[in-house]
Every structure is written in C-alpha cells, then in structure tokens.
Amino acid sequence: MSGGLRVRQASGGTDRGGAVLERARAEDMEKEWETLRAWKERVGQELDRVVAFWMEHSHDQEHGGFFTCLGRDGQVYDNLKYVWLQGRQVWMYCRLYRKFQRFRHSELLDSAKAGGEFLLRYARVAPPGKKCAFVLTQSGLPVKVQRTIFSECFYTMAMNELWRVTGEERYQNEAVEMMDQIIHWVREDPSGLGRPQLPGTPPAESMAVPMMLLNLVEQLGEADEELAGKYAELGDWCAQRILQHVQRDGQAVLENVSEDGKELSGCLGRHQNPGHALEAGWFLLRHAIRKGDPELQAHVIDKFLLLPFHSGWDPKHGGLFYFQDADNLCPTQLEWDMKLWWPHSEAMIAFLMGYSYSGDPTLLRVFYQVAEYTFRQFRDPEYGEWFGYLNREGKVALTIKGGPFKGCFHVPRCLAMCEEMLGALLSRLASAPAPAPTCSPPAVPARCGVE
C-alpha cells in the first residue's frame with residue numbers, strides 16, 4: 001500500500017516536472033519567434049532604405065546605366081561606369097522585382113531595362129567579340145579592360161535576370177552565349193582574356209573563378225531543366241575546384257592553390273580572405289542541397305563557415321579581418337585589418353542559410369553576432385545605405401557609399417536573401433506541431449522543425 005502511494009507520488013512529481021519543462025520550452029519557442037520576427041522586420045526596413053538610396057542617386061537619365069561613385073549623401077563624385085557594377089545593379093533590380101511584391105513597380109523595372117540596354121550597347125570592347133570593358137565613360141566609351149572574367153560574369157547574370165522579368169529572348173541569348181564564352185576561357189583557352197603567359201608566373205588558381213562559375217550555374221539553371229542539365233557537370237567541377245582550397249589537413253581555407261590542388265609557396269599561397277571563404281560556403285551549400293548531399297553540406301558548414309569565421313573574427317574589436325596570413329605573419333596588403341562591408345554581408349547570408357538547412361543553433365547565434373555588429377557599425381542612419389570601409393576599431397575610414405568596387409549589390413542582396421530566409425523560418429515555426437499542452441498552455445507559435 002505504501003509502496004503504491006510512493007509510486008503515485010513519484011509519478012505526480014514527474015508530471016509536474018514535465019509540465020515545467022514544457023512551459024520552459026514554450027517560452028524558449030516564443031523568444032525564438034520574437035527574435036526572428038524582429039530581425040525580419042529590421043532587415044526588410046533596411047532593404048527599403050538601401051534600395052531607395054540607389055534609386056534616388058544612381059540613375060543616369062541621359063545615357064542609361066548607373067553612377068556608382070557616390071558620396072555619403074549620394075552626390076556623384078565621378079561619372080565613370082564600372083561594367084561589373086552595372087551588371088550587378090541590373091541583376092539586383094530584376095531580382096527584387098521578381099521576388100518581392102513591394103518592389104514590383106515600373107520605375108524599378110524600367111531602370112533595370114535601361115541599364116541592360118546600356119550594357120548591350122557598350123559593355124563589349126570590340127563586338128562581336130565577347131570581351132567586356134572594366135570601366136566605361138559616362139556615355140559608354142571603353143576606358144580600361146581587366147584580364148579576368150568578372151565583368152563578363154555579371155553581364156551574364158544581368159541578361160539572364162532581364163530575360164526572367166521581361167520574357168525577351170534576346171536577353172537570354174546574350175546570357176547563354178556569354179556563359180559559353182566564359183567556360184571556354186576558363187576550361188579551354190584563356191588567351192582571349194589577353195593575359196600574357198609569363199614563364200615565372202606560378203600555375204595558380206584563385207578561388208574566385210570556380211566560385212563565380214558555380215554561381216552562374218545556379219543562376220542560369222534556376223527553373224530551367226535544359227540549362228541545368230547542360231551545366232550540371234560544370235557545377236560539379238566548380239565545387240571540386242573550390243573544395244581543393246581547404247588545405248593543411250582541413251585547418252585552413254587558402255585563397256590560391258596550384259592547378260592540381262596543392263598549397264603554393266610564399267605570400268600568394270598563405271593568403272586568406274575570410275569573406276570569400278564564407279561566400280564560397282553558401283554557394284557550396286546551395287550546390288549540396290541541389291545535389292541532395294548531406295555529407296557535403298556538413299563539410300561545407302564546418303570548413304567554409306565555422307573555420308573562416310573563428311579564424312577571421314577580430315577578438316579585440318569585433319568584425320571580420322579583410323585578409324589574413326595562414327602562418328600568422330604580417331599580411332602585405334595595407335588594408336588587411338580593415339573591416340569591409342561585403343565580407344559581413346556574406347557572413348550574414350552564410351550563417352542564416354546554414355541554420356536554415358541544418359537547424360544547428362550555433363549557426364543562428366553566429367548570425368546574430370555578425371548581424372548586430374554589421375548593423376551597428378556599417379549602416380548610416382542619417383543618409384541611408386552602408387559605409388563600406390571601416391578601420392580595425394570599427395570607425396568609418398571612407399565615407400563614400402559607392403565606388404569602383406562597391407555598388408548596389410552586396411548589401412541589398414544580403415538583406416533580400418536574409419528577409420526571404422527569415423520569412424521561411426517563421427513560416428516553418430508557425431506550421432510545425434505545437435508542444436504537448438500543460439495545465440496552462442501558453443499561446444505561442446510552434447518551434448521550427450529543422451533539428
């Protein structure tokens with residue numbers, strides 16, 4: 001009799017303990033919901049402000065295209081036009097128009113089309129040749145050519161997105177033709193880039209090249225089975241080339257390796273760019289998801305997200321170093337310890353994406369850490385947009401909002417992608433099964449079912 005009573009008492013205690021645990025879990029879910037919701041609202045409002053800045057200050061109404069050399073208040077300080085930034089802004093406007101109902105208005109689309117037509121008329125140095133200029137005058141005369149593929153890559157992205165929002169096949173034809181030319185330069189014959197093959201130049205491969213190509217594979221293959229199939233092998237090749245940059249028994253991601261995937265000697269071989277590794281990380285994550293490869297997904301999170309973050313985050317002042325040396329020697333680049341806008345934008349995307357796919361709360365905590373630093377240090381509450389260049393302590397070093405390298409791309413892409421991912425997470429929270437009720441069940445959304 002007494003034994004039975006003790007059992008019932010223990011059972012009651014267990015029930016009460018379970019109720020306490022359920023209530024605590026519900027409170028945690030409510031807190032998680034509120035934090036995600038607050039960040040979605042914050043990111044969305046910031047995206048609106050950033051897009052408004054570029055729409056107000058960057059449009060060239062006379063010649064088409066965009067000014068990117070903008071001061072803090074949006075004043076144009078140089079009217080040169082950089083082809084890769086022209087392509088990026090066309091792509092960004094079209095992507096916003098296509099993905100967000102509130103940006104689906106004629107002014108945005110008309111500006112994107114004007115930028116696309118400017119590129120069609122002037123980007124290529126000697127049509128019908130495909131090589132694009134790096135810099136043009138305001139009216140479209142070529143000023144400078146780079147012996148790389150990047151102007152052409154962003155030209156391709158712009159044309160493909162223009163086709164998606166307008167349905168005009170001429171844009172898609174341009175995109176596919178340029179894509180095939182880029183592949184030829186990278187995998188068959190680079191002589192068309194104009195880069196001399198000097199006997200002392202090491203046969204090195206920068207991570208930027210397979211990264212950019214992998215991004216183009218995703219861009220052109222989206223909802224297009226024919227092109228996705230055409231470029232499937234290229235996507236696998238790009239992924240393998242990027243993975244070769246994990247060196248030193250998995251303890252370092254190096255920006256440059258030999259063509260056969262070995263570490264190079266000297267400063268070139270030791271060079272690290274944490275922001276680039278993180279950007280490559282989310283490119284690879286999307287590739288792993290498309291392939292249905294959870295092993296690759298886990299490897300990418302470990303080596304291209306967590307590893308560069310832990311080695312690249314400044315423990316004293318916060319923020320990501322721009323460049324590092326794998327042996328902890330002093331980097332030779334003068335800006336090595338500066339904090340730049342785009343690595344932090346890429347980190348926000350990478351960690352939120354990693355959490356969305358894996359459910360690992362560590363990745364969400366890092367997202368919050370990077371996002372708080374980024375919003376606190378880079379955004380300009382007075383004039384809009386973000387400062388691009390901070391010193392190590394996080395103080396503004398350059399007040400410009402745009403230039404030869406910063407345009408309407410990394411910041412709005414980051415904000416747009418994060419808004420979409422946060423929205424998806426909140427939807428999953430709302431649709432997941434609720435916790436078992438207690439005596440006083442709290443009315444809160446359900447937990448995200450991604451664990």
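Rings of Phe, Tyr and Trp (for Trp, the six-membered ring) count as a pair if their centres lie within 6.5 Å, and such a pair is called stacked with planes under 30 degrees apart, edge-to-face over 60 and tilted for the rest. By this rule, a search of the whole structure finds 23 aromatic pairs.

The model is predicted, so that local features need pLDDT of at least 70 and side-chain atom pairs count only at pLDDT 80 or more, while totals for chains, interfaces and linings use all residues. Residues are numbered from 1 along each chain as its sequence is written, and side-chain values use heavy atoms, with hydrogens and water left out.

| Pair | Centre to centre | Angle between planes | Type |
|---|---|---|---|
| Y82 and F134 | 5.7 Å | 70 degrees | edge-to-face |
| W91 and F409 | 5.7 Å | 70 degrees | edge-to-face |

Helices (H or I, at least four residues) and strands (E, at least two) are DSSP runs numbered from the N terminus. Y82 lies in strand β3 and F134 in the loop between α3 (106-122) and β4, so their pair ties together parts that are 52 residues apart in sequence. W91 belongs to helix α2 (residues 83-99) and F409 to the loop between β14 (396-398) and α14 (410-431), so this pair ties together parts that are 318 residues apart in sequence. Y82 and F134 are both buried, as are W91 and F409, where buried means under 20% relative accessible area, exposed over 50% and partly exposed in between, with a 1.4 Å probe and protein chains only. Ring pairs link these residues into a cluster of Y82, W84, W91, F134, F154, F405 and F409.

Strand β3 is also part of an open sheet of three strands in the order β3-β4-β5, with antiparallel pairing; two strands pair if DSSP finds at least two bridges between them. The edge strands, each pairing on one side only, are β3 (81-82) and β5 (142-144). Two bridges join β3 to β4 (residues 135-136), and Y82 stands opposite V135 in β4.

Charged side chains also meet rings, a charge being counted over a ring if NZ of Lys or CZ of Arg is within 6 Å of the ring centre and within 35 degrees of the ring normal. K81 lies over the face of F118, at 4.3 Å from the ring centre, and the charged end of R187 sits over the ring of W237, 4.5 Å from its centre.
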